Amino acid sequence: MSDDPHRPHEHRASAKAAPRRRGPVPAHSRDDIAAAAITLTDREGLAGLSMRAVAAALGTGAASLYRYVASRDELLALMTDHVMRELRPYPAGHDQWLDAMVEMSRRQLQLYRRHSWLVDVTQQSPAFGPEALAWLDHCLQVLEPVTASGRAKFEAIAMATGVTTLFARSELASQPALPPIDSHAYPHVARAISADATPAPTDRDLFEDALHSLLRGLLS
């Protein structure tokens, strides 16, 4: 009879039907993904950025990343907002709004030097994540003493960003074209290439003079 409790083959059958346990799915935060993608792109440029490459850097499969980031474009937006944290702490404005705005632009230029891919990303599709909005909000706070209209202030901020991007792009164009360097195999070479470029004093003066003239002309 099929209900005989002494028939061992039914015990074997029920044991065989038990589901197999799987290990936990690796979890990664959006910050983890952004950090890995930034490190990869700093080293290999935008051409080397892919979901598969970022997943490999994290030791997981590309499919698992799509639970956190829907596309490469969303990943780029996440990376952009992530690196903008480096602009903090923001300089205080008070009555010296012009000096504070120039300092904000100088920090932008340094950010472009550290992450050269950012120049192309922000030009193609400017992203306004939480950090970008915080930066914009602080710029408007710095400009509170200025009697110009809100529209004029937005235009001045955009123009200052455009000038900063232009200087960053010019610096990048003057650098020798070098192939991607494996930072593990050649750490000193990679570090020297990725180090901040130090412009000559005349370049720094030109940058600051251009911003002073621009901002005074638009807002004074």
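## Exercises around His138 and an aromatic pair

In this predicted model, the side chain of histidine 138 comes within reach of the backbone oxygen of proline 91, at 2.6 Å.

**Exercise 1.** Work out where histidine 138 sits and what it is in contact with, beyond its neighbours within four places in sequence.

*Solution.* Start with the element: histidine 138 lies in helix H8. Next, check the burial: its relative accessible area is 10%, and buried means under 20%, so histidine 138 is buried. Then look for contacts, skipping neighbours within four places in sequence: you'll find Tyr90, Pro91 and Met104.

**Exercise 2.** Which residues of H8 are buried, and what covers them?

*Solution.* First get the helix: H8 runs over residues 130-142 and spans 18 Å from its first C-alpha to its last, close to the 18 Å expected. Its buried residues are Glu131, Ala132, Trp135, Leu136, His138, Cys139 and Val142. These cover an arc of only 160 degrees around the axis, so they sit on the same side of H8. The cover includes helix H5 (72-83), helix H6 (97-114) and H9.

**Exercise 3.** Find the aromatic pair and say which helices its rings come from.

*Solution.* There's 1 aromatic pair in the structure: phenylalanine 167 with phenylalanine 207, 5.1 Å centre to centre. The planes are 70 degrees apart, and over 60 counts as edge-to-face, so that's the label here. Phenylalanine 167 belongs to helix H9 and phenylalanine 207 to helix H11, so the pair ties together parts 40 residues apart in sequence.

Definitions and conventions:
Residues numbered from 1 in each chain as written. Predicted model: local features only at pLDDT ≥ 70, side-chain atom pairs only at ≥ 80, totals over all residues. Heavy atoms only, no water. Phe/Tyr/Trp six-rings, centres within 6.5 Å; stacked < 30°, edge-to-face > 60°. Helix = DSSP H or I, 4+ residues; strand = E, 2+ residues; numbered from the N terminus. Expected span 1.5 Å × (residues − 1). Buried < 20%, exposed > 50% of the residue type's maximum accessible area, 1.4 Å probe, protein only. Arc of directions from axis to C-beta. Contact = heavy atoms within 4.5 Å. Polar contact = N/O pair within 3.5 Å; in protein donor to acceptor, adjacent residues only side chain to side chain.
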